[in-house]
Amino acid sequence: MSAVRSDRSDRSDSAPSAAATAGGARRRARAVARLPLQLLSLAICLLLWQWASSRQLHLGFVTFANVPPPAEVLDAARALLDSPKLWPHLSSSLARVGFGFGAAAVLGVALGLAIGRSTWARLTLLPPLEVLRPIPAVAWIPLAILMFPSSEGSMVFITFVGALFPILLNTIHGAEAVDARLVAAARSLGTRGLRLFSEVIAPGAAPSIVTGLSIGMGTCWFCLVTAEMIAGQYGIGYYTWESYTVQAYPNIVVGMLLIGVLGMGSSVAVRRFGALLTPWYQIKGGRHD
Amino acid sequence: MTETPNDAPGRVDVRELSIELGAGADRFRAVERVSFAIPAGQFVCLLGPSGCGKSTLLGAVAGHLPAATGGAWLDDEKIFGPAPERGLVFQQHTLFPWKRVVDNVAFGLKMKGVGRAERRARARELLELVGLAGFEDKYPVQLSGGMQQRVEIARVLINRPRVLLMDEPFAALDAQTRWVMQQLLLDVWSRVKTTVVFVTHDIDEAIFLADRILVMSHRPGRIREDLAIPAGRPRGQEWLTSDEFLRLKRRCMALMRDEHERAFGARGEPAALAGAFI
């Protein structure tokens, strides 16, 4: 064929390569090889912490005099593990995050899909949201305490506000970015009305939604801990703050580490869940048979 | 010519059709008062230079673009909006990336409310027709460009369209794959016998495939020439190297060059000078 060729050269009809599976094994081997250095780095940090706290290092602008050493933190962690209060602390924090994040996910995705695809929805729904968006969730705490009769309600509300905007904005972006040709193809194949959302817009926006959920989960924990410090009875944030007020300093660090672990764990869970929802997106990086 | 009786479905009428694109001050006529009729079962190529409005014209027949004047009819029903009876195949990347190949093909039946088992069985039949048996469970991203276009064709055919609208479907493929796909399309078409409107800027492709070529002028698009391709079927490599093929090719090239010159002239350059560079 001699006539003008499209310069958008595409893959040829040859069989797709199977190189990606070998790549996965190589990546794992490399990760194992790097492990000792990473562990060493962590060990050095622990040693520095031990050294600074046992020497009660005082640098003028910062002092380690009241910082508990790692061994004491470990003891405090053991004590918490045996304590009957561990479960109430954990479960109340997890429940607050669960309700707040769940509500933010449902509302953020639904609003985001509508706003991303409909001019009418954008004009009616977006302005109030844009006004509220720059207000940090933490700034809501006083008003939330006044608005909600129960402190549970106000804390769930704070986590909800924290998670809502990352989810909403990423969903809007994802819905807007769905290829117009995909929509045209779906319409030509007989797709009408709401099915366009369930069959094309939502799955097309899914990778962005997963990103939003993952970020939202992070901000959710951030806001929860702050809310619990001020208005809590149980919860990891409350435990951390309470430890300060009763001068059980090793417990502060236990609380901090626990918050880190829970935050990281829930973010990993969201990402795993997202990967299950978007299997095609996982293949995209390397196509393999 | 593969003529089917007049009562067979798939007759396309375009009358006085103009299409405008762009918004506000940038609005312009992409297609200007075009009229033609395609009998049911005919394979027609719309041939023209880039930007002549051939894809726009196809978009209006598909129902994605509104008419400024006139309109298009399928079997005497005026076309408003897209419908599965007018299957549209794009250049590339319009498979649903989140659906496996079999579910991409079965999508049209899902929209019609056909049950999962039945629509998958039908999808498998069509995948076999386009030579993709065994690829049902792949995602589009795992297929090559040519394979993706096969899936596109199968996905549209599952709705048993009365007319197949193809918008430069093979333009993004390499020459070898394109040649394979052209033969595959003729093979599939010889079995399903729908009307085909095929947009291309590739003269060889048009003459190889079509019963009839509508050569379009430069913007605003008009029908410049209505060329019958009097070759029998099935067509093979001999047709590509025949004298008749070359005669038609020379004719099309002359028409296309003419259009190119007129386009240059319209931009204020001396037409003779512009012609000297071609």
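This is a predicted model: local features need pLDDT of at least 70, side-chain atom pairs count only at pLDDT 80 or more; totals for chains, interfaces and linings use all residues.
Residues are numbered from 1 along each chain as its sequence is written, chains are lettered from A and ligands numbered from 1 in the order in which they are written, and side-chain values use heavy atoms, with hydrogens and water left out.

Let's start with confidence, given as pLDDT (the predictor's confidence in each residue, from 0 to 100). Chain A averages 85, and 90% of its residues reach 70 or more. Take care with residues 1-19 of chain A, though: pLDDT is below 50 there, and the stretch has 51 contacts in the model beyond near neighbours in sequence. A contact here means heavy atoms within 4.5 Å.

Helices are DSSP runs of H or I with at least four residues, strands are E runs of at least two, and both are numbered from the N terminus. A:Gly174 belongs to helix H6 (residues 151-176) and is buried, at 3% relative accessible area. On that scale, buried is under 20% relative accessible area, exposed is over 50%, and partly exposed is in between, using a 1.4 Å probe and protein chains only. Leaving out residues up to four places away in sequence, A:Gly174 touches A:Ala205 and A:Ser208. Its C-alpha also lies 9.8 Å from that of A:Thr211, a residue 37 places away in sequence.

The other glycine, A:Gly255, lies in helix H10 (residues 249-277) of chain A and is buried at 0% relative accessibility. Setting aside neighbours within four places in sequence, A:Gly255 contacts A:Ile236, A:Tyr239 and A:Thr240. A:Gly237 is 18 residues away in sequence, with 7.1 Å between the two C-alphas.

On to the rings. Rings of Phe, Tyr and Trp (its six-membered ring) pair if their centres lie within 6.5 Å; planes under 30 degrees apart count as stacked, over 60 as edge-to-face and the rest as tilted. That rule gives 12 aromatic pairs over all chains. One of them is the tilted pair of A:Phe148 and A:Phe157, 5.1 Å centre to centre with 40° between the planes. A:Phe148 is partly exposed at 27%, while A:Phe157 is buried at 16%. Both belong to a cluster linked by ring pairs, along with A:Trp140 and A:Phe160.

B:Phe43 is buried at 0% relative accessibility, and B:Trp189 is buried at 2%.

The test is NZ of Lys or CZ of Arg within 6 Å of the ring centre and within 35 degrees of the ring normal. B:Arg155 likewise lies over the face of B:Phe96, 4.9 Å from the ring centre.

Last stop: helix H1 (residues 54-62) of chain B. Here 8 of the 9 residues are buried, so the helix is largely enclosed by the rest of the structure. Among the buried residues are B:Lys54, B:Leu57 and B:Val61. After H1(B) comes B:Gly63, with a positive phi near 95°.
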